[in-house]
Amino acid sequence: MKKFNAAIIGCGAVHNVHVNAISSLNNTQLCAVADTDTAIADDAARRYDCRSYHSFSDVIADPQIDTVHICTPHHLHSSMAIEAMRAGKHVLTEKPMAITAEECREMIRVSDQSGRQLGVCFQNRYNTTSIFIKELLRSGKAGHILAAKASVTWLRKADYYLQSDWRGTWEKEGGGIMINQAIHTLDLLQWFIGNPVRIKGTIDNRMLGDVIEVEDTAEATIIFENGIHAFFYATNSYHDSPVELELVCENAVIKLSGALTIQYSNGDTENVRDVHPKTGEKAYYGVGHISLIDDFYSSLAQGRPFPTDGRQGIEAVRLVRGLYSSSRSGKWIDL
Ligand SMILES: NC(=O)c1ccc[n+]([C@@H]2O[C@H](COP(=O)([O-])OP(=O)(O)OC[C@H]3O[C@@H](n4cnc5c(N)ncnc54)[C@H](O)[C@@H]3O)[C@@H](O)[C@H]2O)c1
């Protein structure tokens, strides 16, 4: 069986989740890691017994590397993905796909042109609860969605932002809670409901005014092509409580708050739980990364398109950028 040779670019907080996922696969091996912090790259390479690179261009010049996992700050995603695909590598980028929709469109164009796969790490789509909701909606059992709301109420203190030179900045993070943390839930909302067409909302910096330029709090109303309205709320100044998402449907109310509860109008109730790692600093990332990365490599091995691709990844970026424009203008934004 062919083994894919993977390289991870950026050995910071999230890279470990990619290492663990790759090491759980039979058809993939970690071939190289890269970081501009040479000590970080060399240390990671020693731990994983693979090659160390200090520059991205050296990674994509390595003919043995088949796939590149982009785990760098947001402003680098688009240029790295484009260069890697042009060099013949398949790309799996961490979210957000990029900072702007224009960058995302260019990434999709290069993926189409080069025939290289472009995957986006929206691992929450692979949660048991998310798959259950998607299937339930598809089955018609819950009926049409009538209304929706979602909230992300977490805590990111000043030290989280001060640890790095990119978080909390418009230039390198591209925004605050919406483009970084809440983007997963925005993605789920549009994945469940359908194509978003308009957004109006506001962003604000309530608690970290002297630390970050970007928002720590946001609210939005989103209108979808099928006429459904959704209300969204997010803050990084609460505490890390479970993401909440509610879909009021014709025959059921679907409520996600850690676990999933479906309350049918005939009185029946169903409960579904996600599997979570029991321990570990990053346990709250969930196990979705392993399933997503497994699916990415299965797609490559089977020559089928990876489902969470650029055309999926761009939608949440369009929503975030639309919200930022709306907050500036005070107007509805057509997406
Ligand atoms: N899917 C998730 O749940 C999840 C969770 C956490 C982070 N993320 C995403 O992962 C990405 C990285 O986040 P993080 O928290 O690991 O960041 P981090 O700051 O901890 O790590 C980033 C690393 O990239 C390196 N780097 C910077 N520029 C580089 C370059 N040009 N070439 C090579 N390496 C470079 C830095 O030295 C650093 O080690 C972000 O897009 C973030 O949003 C996703």
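Q: At what angle do helix 8 and helix 10 pack, and how far apart are their axes?
A: In this predicted model, helix 8 (residues 183-193) and helix 10 (residues 310-329) pack at an angle of about 110 degrees, and their axes are 9 Å apart. Helices here are DSSP runs (H or I, at least four residues), strands are E runs of at least two, and both are numbered from the N terminus. Axes are lines fitted to C-alpha atoms, for helices over the stretch in contact, with angles from 0 to 180 degrees between N-to-C directions. Residue numbers start from 1 along each chain as its sequence is written, local features need pLDDT of at least 70, and side-chain atom pairs count only at pLDDT 80 or more. Totals for chains, interfaces and linings use all residues, while side-chain values use heavy atoms, leaving out hydrogens and water.

Q: Why are helix 8 and helix 10 called roughly perpendicular?
A: Under 35 degrees counts as roughly parallel, over 145 as roughly antiparallel, 65 to 115 as roughly perpendicular and the rest as oblique. An angle of about 110 degrees therefore makes helix 8 and helix 10 roughly perpendicular.

Q: Which residues of helix 8 and helix 10 meet?
A: With contact meaning heavy atoms within 4.5 Å, Ile183, Leu186, Asp187, Gln190 and Trp191 of helix 8 touch Gln312, Glu315, Ala316, Val317, Leu319 and Val320 of helix 10. By class, that's 7 nonpolar, 2 polar and 2 charged residues (Ala, Val, Leu, Ile, Met, Phe, Trp, Tyr, Cys and Pro are nonpolar, Asp, Glu, Lys and Arg charged, the others, Gly among them, polar).

Q: What makes helix 1 and helix 9 oblique?
A: Helix 1 (residues 15-23) packs with helix 9 (residues 288-302) at about 55 degrees, axes 9 Å apart, so the pair falls in the oblique class. Val17, His18, Ala21 and Ile22 in helix 1 meet His289, Ile290 and Ile293 in helix 9, giving 5 nonpolar, 2 polar and no charged residues.

Q: Are helix 4 and helix 5 roughly parallel or roughly antiparallel?
A: The axes of helix 4 (residues 77-86) and helix 5 come within 9 Å and cross at roughly 10 degrees, which makes the two roughly parallel. Among the residues in contact are His77 and Met85 of helix 4 and Glu103 and Val110 of helix 5. By class, this contact has 5 nonpolar, 4 polar and 4 charged residues.

Q: What makes Asp49 and the Lys95 to Pro96 bond worth a look?
A: Most residues other than glycine have a negative phi, and most peptide bonds are trans. Asp49 has a positive phi, near 55 degrees, while the bond from Lys95 to Pro96 is cis, with omega near -15 degrees. Asp49 sits in the loop between helix 2 (38-48) and strand 3 (51-53), and Pro96 in the loop between strand 5 (90-94) and helix 5 (101-114).
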